[in-house]
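Here is a friendly walk through a structure, meant to be read with the model open beside you.

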Amino acid sequence: MPMNKCRKSFPTHIVVFLAPAVIIYTLFMVYPLVDSLRLSLYAPAAAGGEAFVGFQNYEKLLTHELWAPRLQGALKNNFIFFLFHMFLQNPIGLLLATLLSSQIVRGKAIFRTLIFTPTILSFVLVGFIWRLILSPLWGISGDFLAIFGIENQPWLGLENTALPTLSLISVWQFIGIPMMLFLAALIAIPDELLEAARVDGATAWGLFWKIKFPLILPTVGIVSVLTFVGNFNAFDLVYAAQSELGQPNYSTDLLGTFFYRTFFGVQLQPGNPTMGATIAGVMFVIILTGVLIYMFGWQRRLLKLEIEL
Amino acid sequence: MKKMAALLIVLSLVLSLSVVIAQDKVTLTIESWRNDDLVIWEDVIIPAFNAQYPDIEVLFSPVGDPAQYNAQLAARLEAGTAGDLITCRPFDLSLQQFNDGYLASLNDLPGMENFGDVAKSAWVTDDGSDVFCVPMASVIHGFFYNADIFAELGLEEPATEAEFLALLQAVKDDGNYEPLAMGTNDQWEAATMGYQNIGPNYWHGEEGRLGLIDGTVKYNEDGFLQAFEALARWTPYMPTGYQALTYPDSQNLFTLGLAAVYPTGSWEIGVFNSQADFAMGIFPPPLPEGAMDCYISDHTDIAMGLNAASPNQEAARTFLEWMTSQEFAELYTNQLPGFFTLSNHEIAVEDPIAAEFLSWRGECNSTIRSAYQILSRGEPNNELDLWRLSAAVLNGDKTPQEAADEVQAGLDAWYVPGG
């Protein structure tokens, strides 16, 4: 047939180029993920070993009077943790990036480095340092707050202040990341555009909202989705500062600590890998939902916008 | 060519020699949560063992954070990378490890006859047919006090709860010291040093503990509830910001001479002897109003087991056998004052505070922590509930009745007495 002559030979090179990524990703990401989801459908059997139980673990986690409150508590705390980052860390990061990209600020490299430094510190160190700073016994927070007439509290020890305090510590640590991403996007804006706007009489305020912000919208989306994924996987800081028990009285318990505690066990509580895998499954669904909303609700609209432009 | 051959021969000789040396020396690794004891193991206990068995090297390898021991050990056992000798937590955790085949049975270990049934009770199967750890020590709960502060304020060791609270009030009124050195941040401190420390006097030791197991006694009634109520009465005397104070914070509060009384247990003696430069005294948990008999928490705390997958079974058994000896019992009890041997050997306790702790065994009835045997097998975990809710009671976030009801509800969720 004439068509046969036109058909190209099998594109071997594409397979070869894709292979390393596909193999490594499958081996170290896809397979463990699928296996973890499989594990969540099993439960320890009375006769030893594990037996298939279908979605019973999920049912137990979502409806059982002892499991459900823990899941809801962790979920609620996780949302609060996320809101702190979304509406405090990211706007402040954007503000810092705008200041650092403007012409008026001097010593930009120093500020940029200082603000980014906590990001590369270990969680253990950050947790430890902040515990010391906030310690009612040895900490400097008491003297510092006294300047503003605020009475010191055991911030990490009270049920209603522990989570906000922890969120703010995390914001302090990670503000450098959105700042850097926004900064990179702002610097990439062509000067001609800004100059043209200035010639047309745009104020700095107008310049930002009418020119800069629309142009960095894709970065806003990326930062938001990174914050979402990072926060719903968060574990390290709570673990370092408040232990896997999310103390006091579960008030700082996130999905990550709930999972860790269940999977590995604590003190006299033995680990329960199947229920742990179930919690991991719920986390997977939540994060997947968030990412899908981003992909279809946000990124597509942006793409359409770009095509129209 | 000849030179080359000679070199090869020499090389292969050196290599084979080193292989022989490596085979001769066996290295045993001990898994432990007691990082405080590292120096004593390295400088005293292991050299004493090597004096008799020079061919067995022993490496004491504790985890950095004692609270992480169980999780880390479980992961290492599962991965097959755990050490040869495993320090055993009491009751269910070790029992589970034995049932899972990670710990070897030690029924035929020579020297096990040096331990009575009570000593072994924390490390035997439910039917008593297998013993799987060599009992090392128990710890006794009580209260340390700063004798200098007591002398300065003219205070005396309290015998009853009323006297105890009056004493705390006197320290508070004076205003120079914190009455109690205690924090609730770590949660376990509230349960272990608070609830389980004073509790046995209210629930009558073994009577209450065994009652919980056979279902005749509840956490939200009588003794167990009264213990929560007694704990709640400590709240006014807790140090500033106690909700965020950790266990090391309370230790430092006491050893720096900033607090009068420290509710804790005998395991602190070693650390305090080296860190506190004031005279210390101890008193047993104060008695409730009208009570005649005293009860103490004399908790079987620590033992040593054999990793069933260890390649050095013989050497490890040699070490465990040595651990049943009079020599080890003496070394351990006196080098680690506050850890009392569980063996039947006659030991002279040198440290005066340790000796006083031990003397309570003769005056009071011993019991162990209520949640350790059987009751922590299910979910939610009884011990963890006690941690969380004891802290919540001291923080004022829960009333004693609410806390007690929640503990009992957690237990009722899975535990069927006698089932």
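Predicted model: local features only at pLDDT ≥ 70, side-chain atom pairs only at ≥ 80, totals over all residues.

**Chain B as a whole**

Chain B contains 17 helices and 10 strands. Along the principal axes, its C-alpha atoms fill a box of roughly 90 × 55 × 40 Å. Among the contacts in chain B with a separation of 6 or more, 78% join residues 24 or more positions apart.

**Two domains in chain B**

Where they meet, domain 1 of chain B contributes 15 residues and domain 2 of chain B contributes 17 residues. On the domain 1 side, helix H15 (residues 352-363) of chain B gives the largest share, 5 residues. By class, that side of domain 1 of chain B holds 9 nonpolar, 2 polar and 4 charged residues.

**A closer look at Ala227(B)**

Ala227(B) sits in helix H10 (residues 222-232) of chain B. Is Ala227(B) buried or exposed? Ala227(B) counts as buried because it has 27 C-beta neighbours inside 10 Å, and the cut-off for buried is 20 or more. Leaving aside residues up to four places away in sequence, Ala227(B) touches Tyr195(B), Ile198(B), Gly199(B), Tyr202(B) and Trp203(B). Val131(B), by contrast, is 96 residues from Ala227(B) in sequence and 33 Å from it in space, C-alpha to C-alpha.

**Helix H9 of chain A**

Over in chain A, helix H9 (residues 176-187) has 12 residues and spans 16 Å from its first C-alpha to its last, close to the expected 16 Å. Its buried residues include Met179(A), Leu181(A), Phe182(A) and Leu186(A). Among the elements of chain A that cover the buried residues of H9(A) are helix H4 (67-101), helix H8 (162-174) and helix H12 (217-232).

**Where the chains meet**

Between the chains, 25 residues of chain A are in contact with 30 residues of chain B. On the chain A side, strand S3 (265-266) and strand S4 (269-270) each supply at least two residues. That side of chain A divides into 14 nonpolar, 10 polar and 1 charged.

How values were computed. Residues numbered from 1 in each chain as written. Chains lettered and ligands numbered in written order. Contact = placed C-beta atoms within 7 Å. Helix = DSSP H or I, 4+ residues; strand = E, 2+ residues; numbered from the N terminus. Nonpolar A, V, L, I, M, F, W, Y, C, P; charged D, E, K, R; others polar. Buried ≥ 20, exposed ≤ 12 C-beta atoms within 10 Å, placed from the backbone. Expected span 1.5 Å × (residues − 1).
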